[in-house]
2 protein chains.
Amino acid sequence: LCYSPPMTIKMSQDQSYWSSINADIEAHLKQAIPIRPPLSVFEPMHHLTFSAPRNTAPALCIAACELVGGHRDEAMAAASALHLMHAATFAHENLPLTDRPSFRPTINHSFKPNIELLVPDGMVPFGFELLAKSDDPANNNSDRVLKVIVEIARAMGSNGVVEGLYKETLVGQSDGEELSDVSIGGWMRHTCKKKEGELNACGAILGGASEVEIVKLRKYGLYVGMRQGYLNRNASNEKELQKVVAELRNLALIELQHFKGHKVEAISSFINGVL
Amino acid sequence: LCYSPPMTIKMSQDQSYWSSINADIEAHLKQAIPIRPPLSVFEPMHHLTFSAPRNTAPALCIAACELVGGHRDEAMAAASALHLMHAATFAHENLPLTDRPSFRPTINHSFKPNIELLVPDGMVPFGFELLAKSDDPANNNSDRVLKVIVEIARAMGSNGVVEGLYKETLVGQSDGEELSDVSIGGWMRHTCKKKEGELNACGAILGGASEVEIVKLRKYGLYVGMRQGYLNRNASNEKELQKVVAELRNLALIELQHFKGHKVEAISSFINGVL
């Protein structure tokens, strides 16, 4: 990307940070979802969880927790829940329905529609279960866990991902292959920031951030998520796109100015084009 | 029902107890789900929530809370969440999918499949949100709320409703119109007890029940739920059905022997054929 600063030296170091986060989340999920009876449920759940393309929210959630001085373990259940819910949404987004326009690229379906409808219905509550069970009364962190449940429920729910998906469907129906700028704006606002970014407030909350830090990390995630969303879309106007992406990057970095320490570099690498 | 004891005198009194519970849950949900923008989300959410047939879990949840000395308000968010999730499950159960056998009676669809897929996807997290938000730090009840979130997540998830629905689908596919006794047993174990009964442990937890009381009310709910499940099914052997239903009623009433006070009559009316 033309707006990335020269960071080749730091790149491998930052990449290993994200790789270690992602490996830890995967290990946590593998333990949480073993292939066990009933196989009719756990085999597809395992498959849908690990075959879904990764999004940035889980890793950002961990990075935000570590940035504010929390331990990785404190955000691990939340990060795993975020991936589970993302994978469930991905399956439902790609479910073949009779009234659904085919503006998305078709994905490989390993299971019948009935399974790909029902199993994600179980994955979302399972994510909330992981999160609620991570509460450790000895740690006195119940309030933080409950706050995060509200955050995630809002982001996944009617004002978040679900509304975004619905808008995306409308866009797909009205414009065919092309997305108008107005519609894409609405979709971005409602979906990307939720799905891919704003949720790193969760990591901040679990890591014990102050209110000010939570606000700043929520905004950081919002800009990261929107930038990601724009980059993942085909744009009719490449120059305009690069301008918006650069703007979002600057807005994101401003939010990080408040923080000190070596973890700032790690989390800012998200927006510096390393990933 | 031939197994109901003569309770005509008490009936109207008990009915008004259940009516007042159901009216309170409905009022709570109406406030939680106003018809507001985005209408594309809240109109169908409102409709799907209030058009779904009631099941017994929400009312039992409140009754269990009151039985152990809790206040109705303490279980109201949980009861509302239970209805929301039941309504979401009902919509997905009746979603027209290409590979779905048509062994269920067809319901009226007010919205297109895409909407009836996505809006319930938002209703489930919204239920968890209502519940998590009901936490009042001043009340010091965070641990109870988190316990209930785990209960509900388990009941809705892969070991509960979702597995039950899958089994039901298999039953529908293999036997056509008729359900074999073995299959119905599996379906009962996995679905009814979860959907319609076992969840009244939630009300007990929120009302401050002891561990012993929670175990007893969970079992009570389980038997109520299974009984309800059998009664809602067409049976090939009517006599056998009545025997099973009577047995479940006795098992349920045994669990209530531990409790004292006038609320015992109220909650036991559930199994005494009043409803």
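In helix H3 of chain A, the buried residues include A:Ala57, A:Cys61, A:Glu66 and A:Leu67; buried means under 20% relative accessible area, exposed over 50%, and partly exposed in between (1.4 Å probe, protein chains only). Eleven of the eleven residues of this helix (57-67) are buried, so H3 is largely enclosed by the rest of the structure. Helices (H or I, at least four residues) are DSSP runs, numbered from the N terminus. After H3(A) comes A:Gly69, with a positive phi near 95 degrees.

The model is predicted: local features need pLDDT of at least 70, side-chain atom pairs count only at pLDDT 80 or more, and totals for chains, interfaces and linings use all residues. Residues are numbered from 1 along each chain as its sequence is written, chains are lettered from A and ligands numbered from 1 in the order in which they are written, and side-chain values use heavy atoms, with hydrogens and water left out.

Salt bridges come next. One joins A:Glu211 to A:Lys147, with the closest N and O atoms 3.8 Å apart. This pair links distant parts of the chain, A:Glu211 in helix H10 and A:Lys147 in helix H6, 64 residues apart. A:Glu211 is exposed at 54%, and A:Lys147 is partly exposed at 45%.

In chain B, B:Arg72 and B:Glu66 form a salt bridge at 2.9 Å. B:Arg72 is buried at 14% relative accessibility, and B:Glu66 is buried at 12%.

Definitions and conventions: Helices (H or I, at least four residues) and strands (E, at least two) are DSSP runs, numbered from the N terminus. A salt bridge is a side-chain nitrogen of Lys or Arg within 4 Å of a carboxyl oxygen of Asp or Glu.
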